[in-house]
Amino acid sequence: MRAVVIREHGGPEVLRMEDRPVPDVGPTDIRVRVRAVALNYLDLWTRRGIPGVRLPLPIVPGADVAGVVDAVGDQVRHVKPGDEVVLHPAVSCGVCRFCLQGADNRCREYKVLGHRRDGGYADFIVVPAINALPKPAALTWEEAASMPLVFLTAWHMLVTLARLQPAETVLVMAAGSGVGIAAVQIARMIGARVIATAGTEAKRQRLQALGVDHVVDHTDPAWPQRVLELTHRAGVDVVFEHVGEAVWDSVLQCLGWGGRLVTCGATTGAEVRLNLRVLFAKQWQIYGSYMGTRGELLALWPLVERGVFQPVVDRVFALEEAAQAHAYMESRQHFGKVVLRVSE
């Protein structure tokens, strides 16, 4: 089979197409013929390398997979060959206390597809059968692949951790990204007031079309003052943050008394400052978030199937164009998801 493989860290040029054996299926596994796989910023970090983190190389990237079940293990009963599926983008041990409590994203053996085990930039992928979700019939393969990781991440951040409530105000940073668009849709479903940021006029217009209440230009150094003006100096109830060092001080300026900040990324750097006196005086709550649980994905998936949440696919590349797709994503021109079409 064809597979795009990372053998050393570096730029997009380290993504190389190779011929690999079709993977075998274990007794509780399924093998999926990949139709489409969506890119995430985690793919870029896996390719570049993460300081202080040792990743297993060589590796096939790609966490967000949609395809057709090709084979099943002899203990699998609920999935059969020919089923159209979307995959939960991570695997855990299933037996530790966190897994048994339903908090599988805290498992020490938690492995995101394409990051700590082979992912979907390939013709076939093997995963545990419990990772299979039904593909929504109304979605194309590319649209279906664009949904799991970003909506799971945003749901865990806004619903589980931040406990966003109707009529509260949430600030969504870099809202034109895949996870930002997911956060906007979830916040609007809840009934919250959404202030979104974006760096280009085109993205700001697209966000307005998605129904956000206010859009702010985060390239303007005075943007935090604009957020405070929009909240009558009270600040926001929740900050949805995934940018990191470059915006940290600014988002804290926007956070109101008793506010919650939830973060899942450090795209611009990981070293930030925090004034503890301000933290306890304003009674802030700050949460670190990593992906989400299988149970949360099962909870939100019916909303995807019913069309409550809509995919936003920016551009589709062929599997052979994985390097170009990475370069395009790094240019930050995209609005929504970048997807690789693997097969028809």
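Helices and strands are here DSSP runs, helices of type H or I with at least four residues and strands of type E with at least two, numbered from the N terminus. In this predicted model, E168 lies in the loop between helix 4 (148-161) and strand 10.

The side chain of E168 makes a polar contact with the side chain of R260, at 2.9 Å. Leaving aside residues up to four places away in sequence, E168 touches R163, A192, R193, D237 and R260. The relative accessible area of E168 is 15%; because the limit for a buried residue is under 20%, E168 counts as buried.

Strand 10 (residues 169-172) pairs with strand 11 (residues 193-198) in the parallel sense, over four bridges. Within this pair, L171 stands opposite I195 in strand 11. Helix 7 (residues 223-230) packs on the sheet, where helix 7 touches strand 10, strand 11, strand 12 and strand 13 (236-241). The direction of helix 7 makes about 160° with that of strand 12.

The sheet as a whole is open and consists of six strands with parallel pairing, in the order 12-11-10-13-14-15. Its edges are strand 12 (214-217) and strand 15 (285-288); each has a single partner strand, so one side of each is left without a neighbour in the sheet. From one strand to the next, the twist averages 20°.

Definitions and conventions
Residues are numbered from 1 along each chain as its sequence is written. This is a predicted model: local features need pLDDT of at least 70, side-chain atom pairs count only at pLDDT 80 or more; totals for chains, interfaces and linings use all residues. Side-chain values use heavy atoms; hydrogens and water are left out. Two strands pair if DSSP finds at least two bridges between them. Axes are lines fitted to C-alpha atoms, for helices over the stretch in contact, and angles run from 0 to 180 degrees between N-to-C directions. Contact means heavy atoms within 4.5 Å. Buried means under 20% relative accessible area, exposed over 50%, partly exposed in between (1.4 Å probe, protein chains only). A polar contact is a pair of N or O atoms within 3.5 Å; within protein, one must be able to donate a hydrogen and the other to accept it, and residues adjacent in sequence count only if both atoms are side-chain atoms.
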